[in-house]
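Subject: Structure for your review

Dear colleague,

I am passing on the structure below for you to look through. My notes on helix packing and on the domains follow it.

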Amino acid sequence: MTTLYKVKDSVSQKTLGLMRMQFWKTAIEEIYSDDPPSQPIGTELWRAVRKHNLTKRWLLRIITDREKDLDDRAYRNLQELEAYSENTQSSLIYLLLECLGVKDVHADHAASHIGKAQGITTCLRATPYHSSRRKVYLPMDVCMLHGASQEDFIRNSREQNVRDVVYDIASQAHVHLQHARSFGKRVPAAACPAFLQTVVLEDYLQRVRRAHFDVFHPSLQARNPLLPLQLYLRSWKKTY
């Protein structure tokens with residue numbers, strides 16, 4: 001499903017994006033009719049659906065919200081960003097849980113919060129890239145609260161009001177991450193591989209805090225060489 005997440009950045013016109021989304025909607029219908037499209041991704045997805053009995057609703061929800069996201073506008077508020085994250089990122093994690101054979105209400109709750117944390121953090125991490133293209137997608141209500149304009153982000157402002165926006169958004173991602181981990185003792189160990197992205201999320205949130213919430217700080221563009229080790233340790237301990 002990674003292809004779906006690249007559509008917005010790979011098309012120059014909304015119409016082209018809508019055409020690709022319609023292709024995937026049709027492909028999903030064909031897959032669940034046991035008549036997959038003759039292309040590699042469709043064939044592999046059909047195999048996964050048959051093997052793991054994947055829920056059609058999660059796949060369609062990802063496509064539907066990615067289609068809405070083609071409008072290319074900032075989120076009106078933080079709740080809208082959370083809803084988008086739930087419908088895309090969390091839905092993908094629900095599918096991963098199904099692939100792992102995990103059916104557990106606590107795992108589902110954790111997945112919901114991790115997906116929201118991931119969507120919010122991704123929006124933050126992508127801000128320098130989007131700003132370089134004169135686009136800003138950060139929630140407008142948070143920006144207005146601190147008197148930060150889109151132009152402030154486009155010119156890579158490092159003023160306190162811009163940092164305050166980043167602080168509020170990063171804090172909400174952290175809250176979701178903490179909520180997800182509050183279910184840790186009740187989540188089956190088999191679910192942990194689907195939740196390992198928490199290592200990457202936590203790493204970014206810690207680094208943006210150390211950068212005093214300057215989302216344009218050069219340190220945030222560098223890779224953490226210890227991430228593979230941290231991922232291995234969490235995987236070995238079966239924790240997230």
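**Helix packing and domains**

Helix H6 (residues 105–125) packs against helix H11 (residues 197–210) at an angle of about 45 degrees, with the two axes 10 Å apart; axes here are lines fitted to C-alpha atoms, for helices over the stretch in contact, and angles run from 0 to 180 degrees between N-to-C directions. That angle makes H6 oblique to H11, given that angles under 35 degrees count as roughly parallel, over 145 as roughly antiparallel, 65 to 115 as roughly perpendicular and the rest as oblique. Helices (H or I, at least four residues) are DSSP runs, as are strands (E, at least two), and they are numbered from the N terminus.

Please keep in mind that this is a predicted model, in which local features need pLDDT of at least 70 and side-chain atom pairs count only at pLDDT 80 or more, while totals for chains, interfaces and linings use all residues. Residues are numbered from 1 along each chain as its sequence is written, and side-chain values use heavy atoms, with hydrogens and water left out.

H6 passes H11 in a left-handed crossing (left-handed if the near helix is turned anticlockwise from the far one by less than a right angle, right-handed if clockwise). On the H6 side, Ile 114, Ala 117, Gln 118, Thr 121, Leu 124 and Arg 125 meet Gln 197, Thr 198, Val 200, Leu 201, Tyr 204 and Leu 205 of H11, where contact means heavy atoms within 4.5 Å. The residues of this contact divide into 7 nonpolar, 4 polar and 1 charged (Ala, Val, Leu, Ile, Met, Phe, Trp, Tyr, Cys and Pro count as nonpolar, Asp, Glu, Lys and Arg as charged, and the others, Gly among them, as polar).

H11 also packs with helix H10 (residues 160–181), at about 145 degrees and with the axes 11 Å apart, in a crossing that is left-handed. Among the H11 residues that H10 meets are Thr 198, Leu 201 and Leu 205, and this contact has 7 nonpolar, 2 polar and 2 charged residues.

As for the domains, the chain is divided into domain 1 (1–70) and domain 2 (73–239), with bounds that come from an automatic or database domain assignment. Their centres, taken over C-alpha atoms, are separated by 24 Å, and 15 residues of domain 1 are in contact with 16 residues of domain 2.

With kind regards
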